[in-house]
Amino acid sequence: MDTTTLFRLDGRVALVTGGSRGIGRMIAAGFAAQGARVYIASRKAEACEEAAAAIGGDTHPLPADVSTIEGCRALAAEIAAREGRLDILVNNAGAAWGMAFEEFPEAGWDKVMTLNVKSPFFLTQALHPMLKAAGAAGPLAKVINITSIDGQRLNGWETYSYQASKAALIHLTRRLAARLIRDRIVVSSLAPGAFPSDMNKAARDHGDAVAQAIPAGRIGEPEDMAGAAIYLASRAGDYVVGETLTVDGGLVNAAIGTRIDA
C-alpha cells in the first residue's frame, strides 16, 4: 500500500463553477496546489481572470452562466474544445434568497431552485461524456456537489427556497451517484458550515460572534474546505459514493442544544 500520493491530483482536469470567489475559490486553489489543471467558471469574466491569476499554477478562467440549460451546454462545449476528458466537476455555483414568509416571492423560488438544483443536474448531464471518458481512461471521475448544512438542519433565517434547494441537492447527489457509478463516475457532496464569503456575510463580517455557536470554536478556513474537496476528488475518496461530507466544525453533529429541566 502506497499512501504517499493518495491526495495528489497530478494530471487531472477539474472544473469548478462559481470558482472565482468564496468556497469555489478555496476549492480551486486546493486542486491547483495538488497538481490539477483547473478551470474556473463564473459569470463575470474579470473575476474569473483575477482568481485564476491569483491562484496561479495550471489555472484557467472560463466565464460562463450556468443558470440556464443553454449556458450549461455552452460551458460543456467550451471545456470539450480544450480537453478530451474531465476528471473532476465541482457544482458550486449557487444563490440564496431571504425574505419574510408573508412576502417571499416566486422569483425567490425560481432563481434559487434553478441555480442550486436544476443547473447541477443539467451541467453534469452535459459533461457526462467527458466524465465518462475520464473514468474509462484511468482513475475514477468525480462529481462534487456543494450543498450546505442548511440542507441538513434548520437555521434561524427565512431562506425558504435556499434550505429546500440544498436538501434537494443532497438527495439528488445520492440519485446521481446510483446512476453514474456504473460509468466509473463517483458523485458526492460537501456540506459547508460557516465559511466567510459574499453569500455568508455573517461569517465574513462577524466571525467571532458566529464562532461562539460552533463546537470547534471558530469559523471555517480555506484549508478546511480545500482539504475536504481534495479528499473527495483524489484517490483517497474513491470509495465514498453518494455521501455528503459535513464540514462545519461540529455544528450539525456535535452541537449540544439548550438543556430544559422539568
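## Basis

Residues are numbered from 1 along each chain as its sequence is written, and side-chain values use heavy atoms, with hydrogens and water left out. Because the model is predicted, local features need pLDDT of at least 70 and side-chain atom pairs count only at pLDDT 80 or more, while totals for chains, interfaces and linings use all residues.

## The chain as a whole

The chain has eight helices and seven strands (DSSP runs numbered from the N terminus: helices are H or I with at least four residues, strands E with at least two). Its C-alpha atoms fill a box of roughly 60 × 45 × 35 Å along the principal axes.

The radius of gyration is 18 Å, which agrees with the value near 18 Å for a compact globule of 262 residues (taken over C-alpha atoms; the rule is 2.2 Å times the number of residues to the power 0.38). Of the 262 residues, 47% are buried (under 20% relative accessible area, with a 1.4 Å probe and protein chains only).

## Helices H1 and H8

The axes of H1 (residues 22–33) and H8 (residues 222–233) come within 8 Å and cross at roughly 60° (axes are lines fitted to C-alpha atoms over the stretch in contact, and angles run from 0 to 180 degrees between N-to-C directions).

Residues in the contact (heavy atoms within 4.5 Å) include Phe31 of H1 and Met225 of H8.

## Ile40

Ile40 lies in strand E2 (residues 37–41) and is buried, with a relative accessible area of 0%.

Definitions and conventions. Buried means under 20% relative accessible area, exposed over 50%, partly exposed in between (1.4 Å probe, protein chains only).
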